[in-house]
Every structure is written in C-alpha cells, then in structure tokens.
Amino acid sequence: MKNISEHQRLWFYRVLSLLVTAVLAHLLAVWAAPRVIMQVLMHGPQAQKMNMHNQAAFSEPVTARSRSVVMPSPDMLYSVCAFDLSDGPLRIQAAPVLSTYWSIALYASNSDNFFVRNDRQAQGKAVDLWLVPDTGDAQGHTIAPGAEVVVSPSRQGFLLMRVLTSDYASESAVLEPARRTLRCSPA
Amino acid sequence: MSKTGHWSLRARRMATGAALYLGAVVLGLGSAWWVLKKAPWLNPSVEVGAWRANMHAGSQDAGMYTRATVAVNALLALGRDETMYFVASRDDAGHALRAQCNYRISGVPPQARWWSITAYAEDLFLFDAPNGHYSLNGATAVLDAAGAFTLSTGPNEQPNLYWLPTSGQRPLVLTLRLYNPAPALQAAPQSLVAPAVQKIGDCA
C-alpha cells in the first residue's frame, strides 16, 4: 500500500476539522433556536411593550397585524405572562366562568409545554397554581390551602392563556372580564 | 525567501484558513435553517391526505430537531392530548399550495371538541382578510345534508362558499387545529378523515 505523504495527511486533518466545525455549528444552531426564540418572546420588544414580566398582559384579538408569534389562531383570545422564578414562586390565578374552551399552558425556556389546565379539567373551579422552580423550593412561602403546586423545569418561562372566541364582537362583553381574571404575580 | 515574503505567505494562509472556517460555520448554520424550515420530513410525522402532523409538537418528549422545528414553525404549540395540528402545504394532487390560486376544502367535522381551518402565508402569519374571515371553525361552519362542510381560499370569492381570502404570489399553508381531540384520534392520528384540498380552475 502506498503511504500517504505528510502533505496529504495535513490536508486530511484540515478537511476533517472543517467538517467537524460545520457539524458543531449545525447542532449548536438547532439546540439554540428554541431557546433564543423563547428569550425574544419573553424579553423582546413586544414583551417590553406589553409589560408582561411576572404579571398578566392581555393581547388584542388576532388579526393579520398580529405578528409577534407565528401561526396565531384567529379563534383564540390570548393572555400572557413571562415568568421568572429567580426571586421565588409565582402564584397564578384565574376564574374564567365560561361555557366554551379555555386553557392555561406553561412553557419552559426551551419551549417545552410542561403544564396545561383547561376548562374541563378545572370543572368550574378557579385555577390557583403555585409555580416553583425545579428545586421544588417554595423559598419559605406557605402554599395557600387548595392551591396546586406546579414545578417548572426552568426558572424562566412563558404562560399562555387561550380563550375560544367564535365572534369577538358579540362575545367580548363576556370574554374580556373572564380572561382578565388571570393573575400572575410573585407569591 | 525574504522575511517580508515569509510573513506575507503566512498572512495569506491564515486568511484562507479563517475564510474556510467561516465558510464551515455558515454551512452549519445554513443547513440548520434548511432542516428546520424546509425539511419537515426529518421529523417524525403522520400524513393523512394532504395533511401532515408532528405527533411530538409541544411535548417534553420531543427530540432536539422536533423541538426546534416546532419553535420555528409553530411556537407555543400544545401537546396532542390538548390540541392536534395538521398542516397542508400541498393539495390532494400533490401540487404546492399558492396564494394566487383558488382552492376548495371540504370534509366532515373531525372528532374533536372544537376545530378550525386557517389560511397562512409562508411566513406563517395571516393574510389580510377584508371580510374578517381568517378561519372556518366548528361554530362558523355550515354543514350540508350529508354533514359536510366546504370552504374556499384564494383571491376570488366562490359562490355560496365560506371564503378565506389569500393574496399575493406566495406559498399558502393551511392549518387544521383540533382542540381536545377524541382519544381514538389521539391514539391513531392517521384515522383522521382528512379534508379534501382541491384547486379550482387556473391560478391568477
């Protein structure tokens, strides 16, 4: 067998290192994409404008001008809260008395949906959640009786409340007060 | 070789090396973008008629690629026990959906508590809809004697059909959402009776 020269060996390692660099850049981009998108969602210009840090904010009904999150559903009224558990648990409360679909979904900072509570599961009762970090530490707070403890896999994340609307113009008088029962505040 | 020539050669080699590594990074980032935006077949999905669904959307079990694809294309999706999302970017004949074409979409209400069909442009935002129709849903759908619904999308309103206006010379994406789908459908998404997506006439 013919021995490869030092020059060929050098080029082999150069090409190999370029391929490794490309693969690492690819994997890093795929890993980082959901995390970066969530950071923009939680701290970007729209989040600043809506003032949603550890408090509930209420989006306008979805139209063609709604361009902060892809694939907005025109049949949902959205309420949001960007949570941060660094300083302690967060208490989430809502009492939307509605006969139609609604849900409260919690997303981790990597975009995973780790909790959902919908109207059927709530069975007409008010939602009272204590969101604690994955250490399970309520940091000295006493959980209110009847409240449900939810462990967040990340200290930062996002709450999205969906309320179904088929005809906002005729339903707003009922839906708006119902969704504005959402509270999202440090315990 | 003079000392100046030696340094010049070395600088050229370093510049070439830096350009090659920069190219490798661009290749890595570009391939990531391509995979997430243009190659959904890399993710596990179910195909029913013209519709495709990723069964791990919104799930904590999602792999790295599924999680990134969902974040880019359907951020804040719910898990399939809460909501199932079927997406169509081609008609029943296999042709890419275009906003300048008119389509008839017909089917029977899916087995879910509530459902909707929405038209999006390729940037996954809504088209301008002067008539206020962004979607057809379980409340607005009128069923015929056979229990079927029909709607149209495109630049032109079709007689007697619920119309979702689309505009421009750009791709079209349809999304079928099923909220609280029936357990049987969750277990076997391929059992969905897929709405038909058929082009009407020639494109504008």
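**Exercise 1. The overall build of chain A**

How many helices and strands does the secondary structure of chain A come to?

*Solution.* The model is a predicted one. Step 1: chain A has 4 helices and 9 strands. Step 3: the radius of gyration of chain A is 23 Å, whereas the globule rule gives 16 Å for 187 residues; the value is well over the rule, so chain A is more spread out than a compact globule. Step 5: of the 187 residues in chain A, 37% are buried. Step 6: among contacts in chain A with a separation of 6 or more, 68% come from residues 24 or more positions apart.

**Exercise 2. The sheet of 5 strands in chain A**

Determine the strand order of the open sheet of 5 strands in chain A, and explain why one side of β1 and of β5 is left without a neighbour.

*Solution.* Step 1: the order is β1-β2-β8-β4-β5 in chain A, and the pairing is antiparallel. Step 2: β1 (57-58) and β5 (113-118) of chain A stand at the edges with a single partner strand each, so one side of each has no neighbour in the sheet. Step 3: within the sheet, β4 (residues 102-108) and β8 (residues 156-164) of chain A are paired in the antiparallel sense through 7 bridges. Y107(A) has F158(A) of β8(A) opposite to it. Step 4: helix α4 (residues 168-179) of chain A lies across β1, β2 (76-84) and β8 of chain A, and runs at about 155 degrees to β8(A).

**Exercise 3. The contact between chains A and B**

How many residues does the contact take from chain A and from chain B? Identify the elements of chain A that take part, and examine A25(A).

*Solution.* Step 1: chain A gives 37 residues to the contact and chain B gives 46 residues. Step 2: on the side of chain A that touches chain B, the elements giving two or more residues are α1 (6-43), β4, β5 and β8 of chain A. Step 3: α1(A) gives the most to this side, with 13 residues. Step 4: by class, this side of chain A has 24 nonpolar, 10 polar and 3 charged residues. Step 5: A25(A) is a residue of helix α1 of chain A. Leaving aside residues up to four places away in sequence, A25(A) touches A24(B), V25(B), G28(B) and L29(B). Step 6: A residue is buried if 20 or more other C-beta atoms lie within 10 Å of its own. A25(A) has 20 C-beta neighbours inside 10 Å and therefore counts as buried.

**Exercise 4. Domains and enclosed elements of chain B**

*Solution.* Step 1: chain B is divided into domain 1 (1-38) and domain 2 (44-200). The centres of the two domains of chain B, taken over C-alpha atoms, are separated by 44 Å. Step 2: helix α2 (residues 64-73) of chain B has 9 of its 10 residues buried, so the rest of the structure largely encloses it. Among the buried residues of α2(B) are Y65(B), R67(B) and N73(B). Step 3: strand β7 (residues 149-154) of chain B has 5 of its 6 residues buried, so β7(B) is also largely enclosed by the rest of the structure. Step 4: β7(B) runs antiparallel to strand β4 (residues 102-107) of chain B, to which 5 bridges join it. There, L151(B) in β7(B) is the bridge partner of I105(B). Step 5: β7(B) also pairs with strand β8 (residues 162-165) of chain B, in the parallel sense, over 4 bridges. In that pairing, T153(B) stands opposite L164(B) of β8(B).

How values were computed:
Residues numbered from 1 in each chain as written. Chains lettered and ligands numbered in written order. Predicted model: local features only at pLDDT ≥ 70, side-chain atom pairs only at ≥ 80, totals over all residues. Pairing = 2+ DSSP bridges. Contact = placed C-beta atoms within 7 Å. Axes fitted to C-alpha atoms, helices over the stretch in contact; angles between N-to-C directions. Domains from an automatic or database assignment. Nonpolar A, V, L, I, M, F, W, Y, C, P; charged D, E, K, R; others polar. Rg over C-alpha atoms; globule rule 2.2 N^0.38 Å. Buried ≥ 20, exposed ≤ 12 C-beta atoms within 10 Å, placed from the backbone.
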